[in-house]
Amino acid sequence: MTELNIPQLSLVCLIGASGSGKSTFARKNFGTFEVLSSDFCRGLVSGDENDQAATSAAFEVLHFIAGKRLDAGLLTVVDATNVQPDARRQLVALAREHDVLPVAIVLDLPERVCLDRNASRPDRDFGDTVIRRQHDQLRRSLRHLGKEGFRKVHVLHSEDDVADAVIVREKLLTDLRDRRGPFDVIGDVHGCRAELETLFGELGYLIDRDELGRPVNATHPDGRTAVFVGDLVDRGPDSPGVLRLVMGMVAAGTALCVPGNHESKLVKALQGRNVQISHGLETTLAQLASESVEFRKEVELFCYGLVSHLVLDDGNLVVAHAGLKQAYQGRSSARVRSFALYGDTTGETDEFGLPVRYPWANDYRGPAMVLYGHTPTPEPEWVNNTMCLDTGCVFGGKLTAVRYPEKDVISVPAARVWYEPVKPLNSTVTDLDRRAPEELAITDVLGKRGVDTRLAGRVTVREENAAGALEVMSRFALEPRWLLYLPPTMAPTATETDGQLLEHPGTAFEFYRRDGISHVICEEKHMGSRAVVLICRDADTAADRFGATDGSTGAVYTRTGRSFFDHDTTETLLSTVRQAVEDTNLWEELGTNWLLLDTELLPWSAKAEDLLRQQYASVGAAANAALPAAVSVLQASADRGLDVTDLLARTVSRAANATAFRDAYRRYVWPTHGLDGVQIAPFQVLATEGHTHSNRDHSWHLGIADRLVAAAPSLIRSTRRLVVDTSDDSSVTAGINWWTALTNTGGEGMVVKPLANLTKTARGYAQPGVKVRGPEYLRIIYGPDYTEPANLTRLRDRNLGHKRSLAAREYALGIESLERSVAGEPLWRIHEPVFAVLALESEPIDPRL
């Protein structure tokens, strides 16, 4: 006797050539109404079971009836040859549509047996060729059945195998209808072991401990069974302790457990798969690191073995982590498991960055009581015979249980807030709060507005500035979902009071020294344009995380949110950066599938060619054409004895200035074709999934950049840097000399930043950086003749207060948009500070600063 195990609720597909004995096998092993025969369905639609012209209509009828049976929760057997992949594919799809498991029973009898049987049947008038073709199709299909989606495959190779086969119907792992309780169903524990022990005391359980005093089991004198709704781990103080206790209870038969989404993620992490180490998983992994390898393996196997939901007490009680609507109860599919783990989500996030879920319980009308957790609620309440038991213990709420069948609710308070919730447990919901997360409204940005920031408090945006930003954003900017951040402006260092220089590094070092910042980093200022590079690991990440629908895998954009390049050129650049990130193992190291980089894109002419041609080049060409000629005329006049000495000296100086001006802007221009000649110089990792990185010092950021340079030197350019101790005169001198060497060789200058990056001082947060530009670069900014004594005297009176205020406000807004983004807040909340940065750029201020 050979036992063929099949789930009690499944779609059984019989596979075999004509004459293999499928119908006889079906009559012997299944009930009359369980078997749907393709031959019988042909007879229904045509009056002739052998009418092959009726095959299409016959299978329409067969699939319809099969669907109705599966809807009713009845095992269904399809008796047809099913030797063709397309026929099987339709049946697997039908099983998935109804959330049941597809099973294949293959009668792989010798070809000769099938031929002889077919020849003995007077109702079969097709020739041997058909049998041989079917047999050949069957043999070629055998090894692919598992890949096609069949969860069980049984193959019978001989007449004896068929005769000896006995069907054994197995309960689904979710089917515990014979367990009638009484039960104590317990909400999300999230590592709060002490509170769980307290709750067990209230429920009357006795706790067993091991030789180290750790709880390893709990029993109830009245034989009650605890049922955990999942999310045993993450965020709380002792996830291993909770696991040890629950695993011991399940092993002893005193508890049952379903998985939560946090257990699902933990399994992937323990298996070494790529998951985001966030939302408390990092806490659990750190706690498990101190446990033995054997215990970690036990945890992995325990969590992996948990089934999506449990049907208990003759179907009167269903327990699932996020709940389960009636149509999914007692079913088995990826869709059912996803609903049980995550609920019925829209794919969107609310204003707190949490998934938006359909309120399935509001529409629930099933006879079974459904107890679940997953979504924290201040107080448990009954909704249509369902109750959510997650009362936010780890967030400082309560740990809750329901006694079944009594329906008594028992809760114990949390010892403390173990993990700050993203959404307050008692938060109120307004009409604005209910907005779809991807929805943007013009009322968000029009008029005078204030944007709250963590660093700078409330930042005001004037109405007229908002109007200008709206014009730019709506006409020229990228899709807002790509714009997580716009770079802030940067103030120059204080003006030198005398000498031939307008800006000098000594004033920058002194500025930070007075602010109590002892160590700063000097970074080479590249001769290019500020560029933000958002790079996704693949198109799926871009689609899932940023809603890309055109195959884009990121963006490369300017300070005003405009794309630097067309789609194809952008994707080519991103492909090179992506490969560099892959080669340096940064995806895994940073635990992310996307990166946001602050960079400089070179040359300046790649973005500003029109400006260079129409403004700088035209001025330089006119000056270098006119002034040498004027010098010649004046020199000739002087040779004839005319008194033109002062005018000649001024004109000679202006001609030299014009040449210097032309040489200065030409350094920012070199030929490019597509990406040939283009380089990017990354200097900061702005954000990754779940994290901003302003808390990491600039040496870390530039170290990441150096690794990318090594991986893709043809595209990615390094940034030279020097650390200076502002309290050490020799270090300050070295910094001044470094800047002098940079600018004497044609460099633009440098940016001086607090080495620690985001830095709090006695007066608030320090300026994120000040720029110290070289004298020849400033010639481009202030004009060829700015170094003339009279002009320098006038320029020394420039007021930097407004520029520094603007830089600080824009920096705070940039940090705010990044923090909102990594927290998963909705798009309109992220867009609010991004838009404000662009609006502030319209404030009236000297653009040369």
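Predicted model: local features only at pLDDT ≥ 70, side-chain atom pairs only at ≥ 80, totals over all residues.
## Cysteines

The model has zero disulfides. The closest cysteine sulfur to that of Cys192 belongs to Cys393, at 3.8 Å, which is too far for a bond. A disulfide would need the two sulfur atoms within 2.5 Å. Cys393 is likewise in no disulfide, its nearest cysteine sulfur being that of Cys192.

Cys192 is buried, with a relative accessible area of 0%. Cys393 is also buried, at 1%.

## Contact of α15 with α27

Two packed helices are described by the angle between their axes and the distance between the axes. For helix α15 (residues 463-476) and helix α27 (residues 827-840), the axes come within 8 Å and cross at roughly 105°.

On the α15 side, the contact involves Asn465, Ala466, Ala469, Leu470, Val472 and Met473. They meet His831, Phe835, Leu838 and Ala839 in α27. Of the residues in this contact, eight are nonpolar, two are polar and none is charged.

## Helix α11

Helix α11 spans residues 261-270 and is mostly covered, with seven of its 10 residues buried. These are Asn261, His262, Glu263, Ser264, Leu266, Val267 and Ala269.

Which helices do the buried residues of α11 pack against? They pack against α12 (281-288), α13 (293-305) and α14 (334-342). Just after α11, Gly272 takes a positive phi of about 85°.

## Cis peptide bonds

Most residues other than glycine have a negative phi, and most peptide bonds are trans. The peptide bond from Tyr404 to Pro405 is cis, with omega near 15°. Pro405 lies in the loop between β21 (398-404) and β22 (408-413).

The bond from Leu602 to Pro603 is cis as well, with omega near -5°. Pro603 sits in the loop between β29 (594-602) and α20 (605-639).

Arg235 is not a glycine, yet has a positive phi of about 80°. Its place is in the loop between β12 (225-228) and α10 (239-252). Is Arg235 buried or exposed? Arg235 counts as buried because its relative accessible area is 17%, and the cut-off for buried is under 20%.

Lys407 is not a glycine either, and has a positive phi of about 70°. Lys407 is in the loop between β21 and β22, where Pro405 is also found. At 38% relative accessibility, Lys407 is partly exposed.

Definitions and conventions. Residues numbered from 1 in each chain as written. Heavy atoms only, no water. Buried < 20%, exposed > 50% of the residue type's maximum accessible area, 1.4 Å probe, protein only. Axes fitted to C-alpha atoms, helices over the stretch in contact; angles between N-to-C directions. Helix = DSSP H or I, 4+ residues; strand = E, 2+ residues; numbered from the N terminus. Contact = heavy atoms within 4.5 Å. Nonpolar A, V, L, I, M, F, W, Y, C, P; charged D, E, K, R; others polar.
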